[in-house]
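The sequence and the model are shown below.

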Amino acid sequence: MGVLSGLKPEKVFTYFEEIARIPHGSGNVEAISDYLAGFARERGLYYIQDEVKNVIIVKEASPGYEQEPALILQGHMDMVAVHKPELTIDMTREPLKLAVEGDRIYAEGTSLGGDDGIAVAYALALLDDDTLRHPRLEVVITVDEEVGMDGARAIDLSMLQGHRLLNLDSEEEGIFLTSCAGGARIRCAVDLSKQCREMTGEIYELTVGGLQGGHSGAEIHKERGNSNLLMARLLQKLAGSIRAGLCGCEGGLADNAIPRVTKARVLVEKEDEADFRDLVARYDAVLRDELATKDPEVSVTAASQGTGMERCLTGDGLRRAADYLYSLPCGVQAMSADVPGLVETSLNLGILKVCDGIVEAEFSVRSCVDSSKQALLDKVQALTALAGGRCEVTGDYPGWAYRVDSPLRDKMIALYEEMYGEKPRVEAIHAGLECGILASKISDLDGISFGPNMYDIHTTEETLSISSTQRVWEYLVRLLETKG
């Protein structure tokens, strides 16, 4: 028996657990894609598996629904695969270890992949149930959404009949999303290898950690600590007052996840060791005070690794690296003037690496205003050029514009009010969704994004609400069987 056996809706959780057994982090989607194609073959359903491993599965309308307009159900098969630093696991090969606590499902020591495994589970449960009443269902499951929406950009949707879209990639029940920001990824590299030299001294592992992290679209407005940015700030202080060298640095696992832990390997001259320890202690106290409400568990530590000689950035090289990283913008850049409380423009320094004097920084940039997004990309490129580096912009995707006239939205709101006695919230979000890309491929697309309650997605604390999953399933089934 599976860990989720007995939970309702049974088929949804059965498929969710099956998906969890298949490693499916972004860039590692071949196995999950083949599983989906096999699912369709076994049931005699028409399917397409394209070159990049996107999967489309079609189920014809049930009796009496042949004249209803086709409906597109969409989600993505990849997940942000992160694990706790102390956990030894290869998430490209090993399954998730699911567990249940009260109303929530989580994975032991890793992210859960509810984003967007629950969309896949919903779709498979619908396709596998011949008792349900529904129009023609066109299930579109894309790859590598979490690393730039690569699958959505590559997919050919010309064979679809539907012009109504249910995107099942949202994380808050009772909220219907109708527009979202566009975004891009930018990778920056500054080669300071000529500034490296051999140095002898006391070696320390610096750690900025204890942070909550989170999704850079859904939680950037909470202004939680970004461990990469906080490490850059510490290195900048270090470069200005201590004779030290930077041997290496690494933090963050995905450009769109706010990093929780960043580690640096530094070498300190013996005579400056006491000052170094004092600087770290003072910085730890400063951050605990600054982030007392936003990130109360923040910590800065320095663990001695003994005496040694290593090649590292020192002197002017260390200062240039630290100044460059510290000068880069990060976090909320502008709030929307049209939608109260909505972030308009932001960026997240999600991945940081310094190795052999080469400084690499990777950002997720988002904005609901295309010109503001481009301006922010230009700013990062300009700062990097001043530091002698270069940038590469990838994964640029459009925003999803609000549709004033939406019969699908009207229908969904009326049904929700009928079932639950209250109206859902209709909102725009700062996080990116594939709807904008899909709308550019399907004329007159009328879409809504919704889903069950999930918490702390893209982190090792990610959970999925069982009761919310059941309510959204019941709503989805009613929506499909409601004609018109």
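## Overall dimensions

The radius of gyration is taken here over C-alpha atoms, and the rule for a globule is 2.2 Å times the number of residues to the power 0.38. The model is a predicted one. For 484 residues, a compact globule would have a radius of gyration near 23 Å, and the 24 Å of the protein chain agrees with that expectation. Along its principal axes, the C-alpha trace of the chain spans about 85 × 50 × 45 Å.

The secondary structure of the protein chain comes to 11 helices and 23 strands. Of the 484 residues in the chain, 56% are buried. Among contacts between residues at least 6 apart in sequence, 79% join residues that are at least 24 apart.

## An open sheet of four strands

An open sheet is formed by 4 strands in the order S4-S5-S23-S22, with antiparallel pairing. Strand S4 (98-101) and strand S22 (454-455) stand at the edges and have a single partner strand each, so one side of each is left without a neighbour in the sheet. Strand S22 is joined to strand S23 (residues 463-465) by 2 bridges, the two strands running antiparallel, and Tyr455 has Thr463 in S23 as its bridge partner.

Helix H1 (residues 10-20) lies across S4, strand S5 (104-107) and S23, and the helix runs at about 135° to S4.

## Helix H3

Helix H3 (residues 114-127) consists of 14 residues and reaches 19 Å from its first C-alpha to its last, which is close to the 20 Å expected at 1.5 Å a residue. The helix is mostly covered, with 14 of its 14 residues buried.

In general, an α-helix has 3.6 residues a turn, so residues three or four places apart point the same way.

How values were computed
Residues numbered from 1 in each chain as written. Predicted model: local features only at pLDDT ≥ 70, side-chain atom pairs only at ≥ 80, totals over all residues. Heavy atoms only, no water. Expected span 1.5 Å × (residues − 1). Buried < 20%, exposed > 50% of the residue type's maximum accessible area, 1.4 Å probe, protein only. Pairing = 2+ DSSP bridges. Contact = heavy atoms within 4.5 Å. Axes fitted to C-alpha atoms, helices over the stretch in contact; angles between N-to-C directions.
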